Amino acid sequence: YAATGWTSDSLYGGNDALFVELNVNGAIMASHRYGGTLDDVGQTIARLDDGTAVVGGYSATAGGSEAGWIYKIDEFGKQTWQKVFSGSTPSRVNSVSVLGTLVFAAGYWTDGKSKKTEGLFTIVDDAGETVLQRAVQLAAGEGASAINGFVLLPKGIAAVGLSKTATVSTATIRRLSDYADSTCAAAGKCWDTKDGCDDGDPCTRDSCHAALGCQNTKRADGATCTDGTACTRVDTCIAGKCTGIPRVWTETQLVNRFPNGSTAWADDSFIVVGNATGNGTTKGWWAVYPGPDPSEQFTHGSHSTTFSWVAKVNDEAIAIAGRRRVNGTGAQRMLVVMTGATNDASANEVVIDPTVSWSDVYGLAANSDRIVAVGAMDTAKSTNNSAVLIEVPVANFSKANAAVRKFGGTGYNAFGA
């Protein structure tokens with residue numbers, strides 16, 4: 001495993017970003033810290049096949065204020081490059097993903113002139129050079145936007161987050177093009193070439209590099225194609241003919257729903273998790289998109305439950321993690337749930353260590369064998385928090401079979417992904 005986060009037990013001052021590698025038994029094999037004299041935080045991570053990793057978060061040291069931050073770590077834990085979104089603060093990188101040698105990152109930043117908060121999307125190559133960087137409006141109009149997570153689809157990008165007017169914040173899901181264009185008319189166009197970078201090959205992801213020109217990254221083996229119509233999606237080769245269904249490009253706005261995380265599911269669909277409010281209660285919530293109707297969305301928990309993370313277990317099941325507040329006490333518990341993606345009847349939950357005063361999940365990973373959640377817990381509402389890693393087997397998913405491993409104890413310690 002690899003985990004990122006932060007610790008106040010700092011070598012340099014402020015909080016240091018933390019990167020830890022652990023074996024399958026949860027023992028620490030290596031630990032590294034990054035940053036400087038101010039607060040530096042790692043809160044999202046992606047591993048590459050060669051053993052290196054990319055971390056996203058924010059850095060006050062590198063940016064002079066709270067600035068979005070991504071950096072790459074080699075297999076020995078050495079930082080090989082970093083990108084800082086300074087000059088437009090506050091800003092954060094909330095989610096990263098890797099495709100081939102390209103790093104995709106998203107979050108938010110504040111325009112230096114208008115002071116408006118905008119969704120941030122960027123693509124960086126293996127050497128740390130910017131391939132694409134742009135502001136993204138999740139909803140039509142001039143309101144603020146922030147991207148909390150995204151999924152790379154076979155064609156395009158699904159972004160989830162918040163869009164805001166002067167007084168109202170709205171949960172928003174938006175489908176973008178491969179180049180983070182948010183309208184159908186602009187989709188598939190490279191920003192500095194006239195005709196875009198489509199090479200006509202249905203098995204490449206097409207992008208543009210400011211210095212190198214068009215880049216056509218080979219996709220994984222599959223039958224994805226394009227029928228030549230900009231406003232179709234899920235184009236599939238059938239008996240040599242490419243056939244697509246209408247593409248939805250407008251935003252989906254959800255009443256009393258607040259999305260926090262997402263993951264790819266099957267074909268062109270993805271799963272969104274968060275919380276649902278109504279009748280004085282807050283419940284964990286998830287749904288599969290492109291959408292079921294409102295009656296086919298699912299909620300879990302009787303009160304004060306929030307889902308923040310989701311991961312695919314197998315072709316039928318998902319793992320979800322979040323937190324639950326205890327009424328009248330102010331206590332907060334880590335929560336891990338395993339359920340069918342389209343059936344809430346099989347939902348089974350594990351509440352982690354109900355004796356602690358406060359705990360929260362900051363990251364989740366899963367496969368067909370096990371579910372792993374990371375975060376932080378405080379046993380006595382003190383200033384000494386422990387980073388924590390939770391491992392639960394899929395075959396015997398229960399609290400009795402959950403392994404809880406704590407790290408640290410001096411200062412504030414947490415695993416963020």
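Visitor: What percentage of the residues in the chain is buried?
Guide: Of the 417 residues, 50% are buried. Please keep in mind that this is a predicted model.

Visitor: What makes a residue count as buried here, say W286?
Guide: The cut-off is a relative accessible area under 20%. W286 has 0%, so W286 is buried.

Visitor: And why is F298 called buried?
Guide: F298 has a relative accessibility of 13%, which is under 20%, so F298 counts as buried too.

Visitor: Why are W286 and F298 called a tilted aromatic pair?
Guide: Two values decide that. Ring centres have to lie within 6.5 Å, and the centres of W286 and F298 are 5.5 Å apart, so the two rings pair. Planes under 30 degrees apart would be stacked and over 60 edge-to-face; the planes here make 35 degrees, so the pair is tilted. The pair links distant parts of the chain, with W286 in strand β22 (residues 281-289) and F298 in strand β23 (residues 298-300), 12 residues apart.

Visitor: How many aromatic pairs does this rule give?
Guide: The count comes to nine aromatic pairs. Elsewhere, Y34, W69 and Y71 form one aromatic cluster.

Visitor: In which sheet do β22 and β23 take part?
Guide: They belong to an open sheet of four strands, in the order β20-β21-β22-β23, with antiparallel pairing. The edge strands are β20 (257-264) and β23, each pairing on one side only. On average, neighbouring strands of this sheet are turned by 25 degrees against each other, direction ignored.

Visitor: How do you know that strand β21 and β22 pair?
Guide: Pairing requires at least two bridges. Strand β21 (residues 270-278) and β22 have nine, in the antiparallel sense, so they pair. One place to look is A276, which stands opposite K283 in β22.

Visitor: What makes β8 and β11 edge strands?
Guide: The open sheet there has four strands in the order β8-β9-β10-β11, paired antiparallel. β8 (92-99) and β11 (130-136) each have a single partner strand, so one side of each is left without a neighbour in the sheet. Neighbouring strands of this sheet are turned by 15 degrees against each other on average, direction ignored.

Visitor: How many bridges hold β8 and strand β9 as a pair?
Guide: β8 and strand β9 (residues 102-110) share seven bridges in the antiparallel sense. At least two are needed, so they count as paired. Within this pairing, R92 stands opposite Y108 in β9.

Visitor: Why is strand β1 described as mostly covered?
Guide: Five of the six residues of strand β1 (residues 2-7) are buried. Each of those five is therefore under 20% relative accessible area.

Visitor: Which strands pair with β1?
Guide: Strand β2 (residues 16-22) pairs with β1 over six antiparallel bridges, with V20 in β2 as the bridge partner of A3. Three bridges join β1 to strand β32 (residues 413-415), also in antiparallel fashion. There, W6 stands opposite A414 in β32. At least two bridges make a pair, so both strands qualify as partners of β1.

Visitor: Why is D360 called buried?
Guide: D360, found in strand β28 (residues 358-366), has a relative accessible area of 8%, under the 20% cut-off, so D360 is buried.

Visitor: What does D360 touch?
Guide: Leaving out residues up to four places away in sequence, D360 touches G322, R323, Q332, M334, V374, G375 and A376. D360 and G375 are 15 residues apart along the chain, and their C-alpha atoms are separated by 5.7 Å.

Visitor: Where is confidence in the chain lowest and where highest among the strands?
Guide: The lowest is strand β15 (residues 204-209), with a mean of 61, and the highest is strand β5 (residues 53-59), at 93. For the chain the mean pLDDT is 78, and 73% of its residues reach 70 or more. Over residues 185-195, pLDDT stays under 50.

Terms used: Residues are numbered from 1 along each chain as its sequence is written. This is a predicted model: local features need pLDDT of at least 70, side-chain atom pairs count only at pLDDT 80 or more; totals for chains, interfaces and linings use all residues. Side-chain values use heavy atoms; hydrogens and water are left out. Rings of Phe, Tyr and Trp (its six-membered ring) pair if their centres lie within 6.5 Å; planes under 30 degrees apart count as stacked, over 60 as edge-to-face and the rest as tilted. Buried means under 20% relative accessible area, exposed over 50%, partly exposed in between (1.4 Å probe, protein chains only). pLDDT is the predictor's confidence in each residue, from 0 to 100. Contact means heavy atoms within 4.5 Å. Axes are lines fitted to C-alpha atoms, for helices over the stretch in contact, and angles run from 0 to 180 degrees between N-to-C directions.
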